Amino acid sequence: MKFRILTLFPEMFDAVTGTSILGRALSNQHIEVSCDDIRSFSKDKHHKVDDAPFGGGAGMVMKVEPLRDALNSKPKMPNSSVIYLTPKGQTLTHEKVVSLAKYDELILVCGHYEGVDQRFIDRYVDEEISIGDYVLTGGELAAMVIIDSVSRMVNGVLNNEGSAEEESFSNGLLEYPHYTRPQSVDGDEVPSVLLSGNHAEIEKWRYRESVKLTAERRPELLTDAQKQALKDNFIKKKKRVEKRRL
């Protein structure tokens, strides 16, 4: 998987590509990350890449020409997508990450100021993506999120290939709680089912905990069947409590 970034601040990406999982993925050639400095494609003697918006208004707008020339400075792979990072784009989800991982190359365009001239978007951009309902000073952080999340879907990047399958959102639910040694910390014990060695029961417990946590924090993710199961379980528990009181 190749990630190519069009940015005004290529040095920002050293922080995420030189360490941890992404650093190893790069050194093992599972992924490739390159940056094109948009300013170097400006024909202005001061390397200016923005100008005032037509029609007036606050802020500046990134010009078409430097972006176009940066994009066209290298040939695109046949199976590639040009993505502009913007709050106006489609919200990034796990499903979207999985679909992006099917490309051989992602070209990530990092905007700044008030945005990018719409003519560049109309002619050259395949997708507009947002990482959330808030505004950043530029698209670089959003591009890093895409690089990190998509890289995890690439074969060989994670030491344990099953990790990506068990994480939050992979099955539409938030991930279940995790525990490690020691067994007891300040009187807080690890749930006994996790010490039982009964893998079928452990899987049931993990699923129930995932559904419970999702219901508490992201109920909109639950299916109707999961909501009904939670309701039925609540009714059963209520009846058991009432029976004990009698």
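Predicted model: local features only at pLDDT ≥ 70, side-chain atom pairs only at ≥ 80, totals over all residues.
Q: What do the radius of gyration and the spans say about the overall form of the protein chain?
A: The radius of gyration is taken over C-alpha atoms, and the globule rule is 2.2 Å times the number of residues to the power 0.38. For a compact globule of 246 residues the radius would be near 18 Å, whereas the protein chain has 24 Å. Along its principal axes, the C-alpha trace of the protein chain spans about 85 × 45 × 40 Å.

Q: How many helices and strands does the protein chain have?
A: Helices (H or I, at least four residues) and strands (E, at least two) are DSSP runs, numbered from the N terminus. The protein chain has nine helices and nine strands.

Q: What percentage of the residues is buried?
A: A residue is called buried under 20% relative accessible area, exposed over 50%, and partly exposed in between, with a 1.4 Å probe and protein chains only. Buried residues make up 34% of the 246 residues in the protein chain.

Q: Where is L71, and which residues is it in contact with?
A: Contact means heavy atoms within 4.5 Å. L71 is found in helix α3, which covers residues 64-72, and L71 is buried, with a relative accessible area of 3%. Leaving aside neighbours within four places in sequence, L71 is in contact with R4, L6, V82, I107, F120 and Y124. Among contacts in the protein chain between residues at least 6 apart in sequence, 74% join residues at least 24 apart.

Q: Is Q226 buried or exposed, and what does it touch?
A: Q226 lies in helix α9, residues 224-245, and it is buried, with a relative accessible area of 12%. Not counting residues up to four places away in sequence, Q226 touches L173, Y207, V211 and L221. The C-alpha atoms of Q226 and K212 are separated by 9.6 Å, and these residues are 14 apart along the chain.

Q: Which residues does D126 contact, and where does D126 lie?
A: D126 lies in the loop between α5 (118-124) and β7 (127-130), and at 48% relative accessibility D126 counts as partly exposed. Leaving aside neighbours within four places in sequence, D126 is in contact with S80, S81 and V82.

Q: What is the value of phi at Q29 and at H47?
A: Phi of Q29 is near 65 degrees, a positive value in a residue other than glycine. Q29 has its place in the loop between α2 (20-27) and β2 (32-37), and it is exposed, with a relative accessible area of 69%. H47 has a positive phi of about 60 degrees although it is not a glycine; its place is in the loop between β2 and β3 (50-51), and H47 is partly exposed, with a relative accessible area of 41%.

Q: Is the peptide bond from R181 to P182 cis or trans?
A: The peptide bond from R181 to P182 is cis, with omega near 5 degrees. P182 has its place in the loop between α7 (163-166) and β8 (184-185).

Note on methods: Residues numbered from 1 in each chain as written. Heavy atoms only, no water.
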